[in-house]
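Please keep the sequence and the model in view while reading the numbered points.

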Amino acid sequence: MKENMYNDDGDNMREFQERMQMLLKDDYENFAEALKKDDVKALYLNLRKENAKNILNQQFITKHPYVSAGYYYDEKHYHPGRSPYFLAGLYYIQEPSAMLVAEKLPIEENDYVLDMCAAPGGKSCMVANKLGKQGLLIANDINLSRAKVLSENIERFAIEQAIVTSTDPKRFEKILPGFFDKIILDAPCSGEGMFRSKDLAKETWSLEKVKECALIQKRLIDTAYKLLKPGGLLMYSTCTYSIEENEDNVRYALEHYPMELMPLDHQGGMSEGVDMPEAIRCYPHRYQGEGQFMALLKKCDDEDKHKYKLIKPKISHEALNIVTKFYQDNLNVNVPDHLYENNGHIYKIMPQFPDLGKIQILRRGLYLGEVRKNYFIPSYSLALSLKKEDFKHYYDFPNDSEEIKKWIHGEALPACNGKGFGGILVDGYPLSFYKESNAIKNLFPKGLRR
Ligand SMILES: C[S@@+](CC[C@H](N)C(=O)[O-])C[C@H]1O[C@@H](n2cnc3c(N)ncnc32)[C@H](O)[C@@H]1O
């Protein structure tokens, strides 16, 4: 239980409190009571990992009733973020209201999706759960250090159809106008919905910030409109309660563009938007999660068809031979058809990947590894994209074994008469590659060791 959120808080919180009283009226006290409680925790499964649900501690999870792959968990007794399963990409930890955003966007397998403000990647990884091989996800964040975290999360989920970029989304307007079937605009906001879980959100809140964010959000809506295909859908969301950043911005879109507001289904505890029954608001006293707003908009105009340049596979003969030999010696899968080499770094790309010109790209498809001189060093993401049967050689250890503890710590294991590369698995799920000679040399990424 938390202290009263207004104790020790400055004038800014009194101002927020007054605004919430105006908004919620008789229901305000229930809201204030809910803010004294602890925030709730949840995760969703990586659906490309078979039977991943079985590795969760069933005693401390409860099914999220409205998110197909989502589960609440009891943080007092269960810490899935510290488990090797997390490092094997079996799930993503995300706030349970935030999960509704990607869940409620009707993504089709072949969609081209842009997650405009994507870091750290909670919505992107859920989009990947819904995309097929022909689909595409561009996950972007303007802030480079946050985009690097996004890239790590995309890597852990081993998403092949994703390109991770770090740019002002406005720069896509020239290259990809009318390109996307679906766009998630999870906008930077004043963060009022996160006051229970993030002290910083409270400390930095001000009415000025609300107004500044509302302006930035309008510019992002302008861009999203241009990037959507005719008939495409924009999911606009924030984790704040202010009408200026939510319903007012949706009205801005409706007044300035030929867009239609699509009704979202309100399940238990989800509230309607203010004078906007199609939108969803989540409040912590009505819904088991933090504050969230979301509205779904459809682009209604017909516009000229555009042509887009696609990126072509590009790899030297020498590098291709080295990668092919690695696959033949160590894996039971074929070398991917479309490879892209960048300074010795090899990516599996998809034929539908657009050429993004000079936009900063952090990840272009699945990173396979690096060709150095005449050998290949396979990557963490390649290991995570494979199944147990895809490895010619592997060592499979239980989640709570000493071997897995040592491995995550970065230690080598004693050799077992094997040679070459193989997979270290945790209860059947790949965690990394190893290289065996006189020891089982650890290839788990240095930055993730603990
Ligand atoms: C609410 S967070 C996104 C959370 C993310 N969608 C998720 O589910 O993990 C908003 C993000 O917007 C980014 N951002 C801020 N201004 C932006 C802009 N003009 N264009 C793109 N991203 C922006 C911030 O760096 C921040 O990472």
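1. The ligand is surrounded by 18 residues, a residue being counted when its C-beta atom, placed from the backbone, lies within 6 Å of the molecule. The closest are Cys117, Gly122, Asn143, Asp186 and Pro188.

2. By class, this shell holds 10 nonpolar, three polar and five charged residues. Here Ala, Val, Leu, Ile, Met, Phe, Trp, Tyr, Cys and Pro count as nonpolar, Asp, Glu, Lys and Arg as charged, and the others, Gly among them, as polar.

3. This is a predicted model, in which local features need pLDDT of at least 70 and side-chain atom pairs count only at pLDDT 80 or more, while totals for chains, interfaces and linings use all residues. Residues are numbered from 1 along each chain as its sequence is written.

4. Five strands form an open sheet of mixed pairing, in the order 19-21-22-23-20. Strands are DSSP runs (E, at least two residues), numbered from the N terminus; two of them pair if DSSP finds at least two bridges between them. Strand 19 (394-397) and strand 20 (413-414) are the edge strands, each pairing on one side only.

5. Strand 19 runs parallel to strand 21 (residues 420-426), with four bridges between them. In this pair, Tyr395 stands opposite Ile424 of strand 21.

6. Strand 22 (residues 429-436) is antiparallel to strand 23 and is joined to it by three bridges. A hairpin connects the two through two residues, and Tyr434 stands opposite Asn442 in strand 23.

7. Strand 20 pairs with strand 23 (residues 439-442) in the antiparallel sense over two bridges. Pro414 stands opposite Ala439 in strand 23.
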